[in-house]
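The sequence and the structure come first.

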Amino acid sequence: MTTTPAPKRLLVVDDALIMRAMIKDIAQQAGWEIAGEATNGRECLDRYCELSPDLVTLDIVMPELDGVEALRQLRQEHPDAAVVMVSAIDQKEKLSECIQLGARDFIVKPFDRDHLRSLFQRYLAH
Amino acid sequence: MSGTPLNRYLTACRSAASLASDSLSKWLGRPSAISIEQVEAMPLEKAIGLLGDHEGTVCGCGMAISGSLQGILVLLCDDQAGLALAAMLLGREPSDDDTWGDLEQSAVVETTNIIGCAYLNAMADSTGADTAAMPSPPWFLRDFAPAVMQSIVMAQPLTGETVFLTRTEFTIEGSPARVSLVFVPAEDASERLPGAPA
Amino acid sequence: MSSAGDTADQSLTSTISVPIGGFATASREGSLRTFLGSCVGLAVYERRLKLAGLAHVVLPTAPAKSPLPGKYADSAVPALIAALTSLAAGRRLQLTARLVGGAKMFAFQTGPTVGEQNVQALEKALSLAGIPVVSRDCGGGKGRRMTLEAANGQITIETLGSEPKYL
């Protein structure tokens with residue numbers, strides 16, 4: 001008897017509703033299931049514990065707790081957490097910091113939809 | 001501002017508008033082009049009447065700018081264009097049934113963030129300043145067009161009878177939507193504009 | 001009949017749109033209309049004679065010479081008084097004033113806004129002219145469409161998403 005593997009689950013973290021909607025849409029097209037959403041870094045940490053997603057997309061600039069600090073705390077508590085940072089074009093220094101903190105990848109806004117879809121497909125296969 | 005400094009400022013504005021147009025194209029996933037470029041000092045009344053006799057509603061999303069560049073930057077569009085932005089970003093065709101909700105408002109705000117930051121970064125680079133131009137969180141409003149224009153033009157202290165403003169209008173391929181980016185520099189920061197004498 | 005600072009309108013029941021920085025008067029059945037964001041609408045009315053005046057004020061203080069007296073709080077008041085006096089053709093005026101507008105539509109604006117400054121400047125100019133301010137609808141964060149009826153002095157204030165208000 002063959003069993004279908006459980007779909008991989010994504011947590012989307014961004015304070016902008018439209019960004020969350022776009023990322024969810026592209027991720028679902030690439031075969032991901034959406035585990036949940038968060039609107040700031042603090043919610044991200046809480047939801048990660050609740051949902052144990054396979055991947056997180058994490059915006060850098062957010063209220064309450066920004067993406068860099070959320071990544072730092074997330075990776076301390078969950079060293080295996082797989083995170084893709086979402087940044088604006090002028091945040092190169094913060095991106096470098098995020099890669100050093102263990103982020104797997106990054107996308108830069110405005111992002112190319114095909115590029116993001118390929119990224120999600122790549123992480124689906126891992 | 002006139003002569004050589006004005007020409008330098010015009011060059012900076014064109015470059016910034018071009019980068020903003022590229023950002024808009026990438027953001028929407030379809031080509032955009034610049035249809036209007038306006039850089040001039042004008043009487044307050046003319047600036048407030050920039051959108052013509054239009055008395056309907058417009059959407060505006062504004063950011064106060066500080067740092068190496070100071071002033072107010074606003075994205076303006078009519079209802080049809082504003083609603084179309086959300087539809088385009090979600091990969092669907094706009095519909096006559098589209099109405100204003102949180103998603104549509106978020107689409108306008110994020111568009112302002114993205115093309116506004118592209119424009120500001122290019123303008124700030126032109127000043128050769130060490131510090132960046134820093135935008136405030138964007139503020140969305142939808143209101144009568146004349147009221148919105150009054151508030152844009154009069155948003156910062158004015159001592160004179162004229163205001164210097166930059167307006168770029170973008171068209172989007174396959175859509176009747178038109179989006180304008182208006183930058184009104186702070187009156188007392190004009191010496192820091194690109195092209196101003198050092 | 002309505003008449004504006006720039007144009008004349010001979011229609012008895014017409015609505016005149018008062019432009020930014022302009023002012024206009026109306027009598028009997030005419031009405032005056034303007035849109036207000038941060039600017040302030042100064043409505044002056046003579047109830048017995050059914051004479052109405054509306055100025056769209058942009059800034060508090062006029063420079064030495066301005067072709068647009070309606071644009072400034074301190075010149076709009078005497079300009080409206082003069083226009084209404086002319087319409088009254090020798091009859092004594094008992095004027096009242098109402099103020100509308102002066103919104104702060106962008107939350108990031110700090111310090112006293114030009115709207116607040118205009119309201120203060122108008123109150124001072126009206127006080128000097130001996131005209132009481134009998135009501136106002138100022139401030140807030142929304143634009144307004146204001147219509148002043150000469151027949152009864154009623155002001156209708158429309159804002160998006162809300163029921164009209166009447167002064």
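In this predicted model, 19 residues of chain C are in contact with 21 residues of chain B. On the chain C side of this contact, the elements that contribute two or more residues are β5 and β10 of chain C. By class, the residues on that side comprise 11 nonpolar, five polar and three charged. Two pairs of chains touch, and the pair of chains B and C has the most contacts of the two.

The other contact involves chains A and B, with 14 residues from chain A and 18 residues from chain B. Helix α1 (residues 17-29) of chain A supplies the largest share of the chain A side, namely six residues. That side of chain A holds nine nonpolar and five charged residues, and no polar ones. Chains A and C do not touch, and the distance between their nearest C-alpha atoms is 17 Å.

**Strands of chain C**

The two chain C elements named above also belong to one sheet. This sheet is open, has five strands in the order β3-β5-β10-β11-β12 (chain C), and its pairing is mixed. At its edges are β3 (15-17) and β12 (165-166) of chain C, each of which pairs on one side only. Strands β5 (residues 31-36) and β10 (residues 144-149) of chain C run antiparallel and are joined by six bridges. One of the residues involved is L36(C), whose bridge partner in β10(C) is R144(C).

| Helix pair | Axes come within | Crossing angle |
|---|---|---|
| α2 (residues 41-51) and α3 (residues 67-77) of chain A | 8 Å | roughly 25° |
| α1 and α5 (residues 113-125) of chain A | 9 Å | roughly 55° |

The axes of α2(A) and α3(A) cross at roughly 25°, and that angle makes α2(A) roughly parallel to α3(A). The crossing of α2(A) past α3(A) is right-handed. From α2(A), the residues G41(A), C44(A), L45(A) and Y48(A) take part, and they meet G67(A), E69(A), A70(A), Q73(A) and L74(A) of α3(A). The class count for this contact is five nonpolar, three polar and one charged.

For α1(A) and α5(A), the axes cross at roughly 55°, which makes α1(A) oblique to α5(A). This crossing, too, is right-handed. The residues of α1(A) in the contact are I26(A), A27(A) and Q29(A), and those of α5(A) are R113(A), L116(A), R117(A) and F120(A). Four of these residues are nonpolar, one is polar and two are charged. Helix α1(A) is also the element that gives six residues to the chain A side of the contact with chain B.

**Chain B**

Chain B, which touches both of the other chains, contains five helices and seven strands. Along the sequence these elements follow the pattern α-β-α-β-β-α-α-β-β-α-β-β. The chain has 198 residues, of which 52% are buried. For contacts in chain B between residues at least 6 apart in sequence, 74% join residues at least 24 apart.

How many residues of helix α3 (residues 79-89) of chain B are buried? Eight of its 11 residues are, so the helix is largely enclosed by the rest of the structure. The buried residues of α3(B) are A81(B), G82(B), L83(B), A84(B), L85(B), A86(B), M88(B) and L89(B). After this helix comes G91(B), which has a positive phi near 70°.

Helix α4 (residues 102-127) of chain B contains C117(B). Is C117(B) buried or exposed? With 22 other C-beta atoms within 10 Å, C117(B) is buried, because the cut-off for a buried residue is 20 or more. Apart from neighbours within four places in sequence, the contacts of C117(B) are with A88(A), D90(A) and P135(B).

How values were computed: Residues numbered from 1 in each chain as written. Chains lettered and ligands numbered in written order. Predicted model: local features only at pLDDT ≥ 70, side-chain atom pairs only at ≥ 80, totals over all residues. Contact = placed C-beta atoms within 7 Å. Axes fitted to C-alpha atoms, helices over the stretch in contact; angles between N-to-C directions. Helix = DSSP H or I, 4+ residues; strand = E, 2+ residues; numbered from the N terminus. Parallel < 35°, antiparallel > 145°, perpendicular 65-115°, else oblique. Left-handed = near helix turned anticlockwise from the far one by under 90°. Nonpolar A, V, L, I, M, F, W, Y, C, P; charged D, E, K, R; others polar. Buried ≥ 20, exposed ≤ 12 C-beta atoms within 10 Å, placed from the backbone. Pairing = 2+ DSSP bridges.
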